[in-house]
Amino acid sequence: MWVRQWLPEQRREKYGHYSTLLKELRTEDETSFYNYTRLPRALYDELLHRIEGRINEKDTWYRNSLCPSLKLSITLRHLACGDSYRSLFYNFRVAPNTISLIIHEVCDAIKAEFAAEVIQQFEK
């Protein structure tokens with residue numbers, strides 16, 4: 001087995017922060033959801049909608065890809081409070097090397113999606 005016993009997708013969905021805590025906060029406590037992600041639910045949903053095409057990957061015959069909302073949640077948690085990859089690894093049950101790729105992928109997607117709206121280009 002190439003994955004630790006407590007990391008498979010089934011356990012991530014049953015015990016990981018994304019599938020447990022974040023879903024509870026999303027439906028039961030808007031203030032805590034904001035505190036956890038540093039975004040209101042509506043803005044989280046809009047951001048996810050706008051970048052999910054850029055961060056969505058296809059499943060393979062040996063492994064399901066991570067869903068875009070999980071990737072966004074990991075990235076926001078890292079940006080919101082500076083959680084280390086090791087801490088995120090235990091909370092979200094995603095390997096640190098994968099987390100490092102996810103955070104760069106999501107940040108690049110956000111920059112690409114919002115660059116035209118947020119970054120002004122100056123002509124010389």
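Student: How much accessible surface does the chain have, and what share of that belongs to carbon and sulfur atoms?
Tutor: In this predicted model, the accessible surface of the chain comes to about 8,400 Å², and carbon and sulfur atoms account for 51% of that surface.

Student: And what percentage of the residues is buried?
Tutor: The chain has 124 residues, and buried ones make up 31% of them.

Student: OK, how many helices and strands are there?
Tutor: The chain holds seven helices and zero strands, so that, read from the N terminus on, the order of elements is α-α-α-α-α-α-α.

Student: Which residues touch the most other members of the largest nonpolar core?
Tutor: That core has 25 residues, and the ones touching the most other members are Tyr44, Leu72, Ile74, Phe92 and Val94.

Student: What about contacts, how much comes from residues 24 or more positions apart?
Tutor: If you take the contacts in the chain with a separation of 6 or more, residues 24 or more positions apart account for 56% of them.

Student: Changing topic, how many disulfides are there?
Tutor: Counting pairs of cysteine sulfur atoms within 2.5 Å, the total comes to zero disulfides.

Student: Is Cys67 buried, partly exposed or exposed, and what about Cys81?
Tutor: Cys67 is partly exposed because its relative accessible area is 31%, which lies between the 20% and 50% cut-offs, and Cys81 is also partly exposed, with a relative accessible area of 37%.

How values were computed:
Residues numbered from 1 in each chain as written. Predicted model: local features only at pLDDT ≥ 70, side-chain atom pairs only at ≥ 80, totals over all residues. Heavy atoms only, no water. Helix = DSSP H or I, 4+ residues; strand = E, 2+ residues; numbered from the N terminus. Buried < 20%, exposed > 50% of the residue type's maximum accessible area, 1.4 Å probe, protein only. Contact = heavy atoms within 4.5 Å. Areas by Shrake-Rupley, 256 points an atom, 1.4 Å probe, with all protein chains shown as cover. Core = buried A, V, L, I, M, F, W, Y, C linked by side-chain atoms within 4.5 Å.
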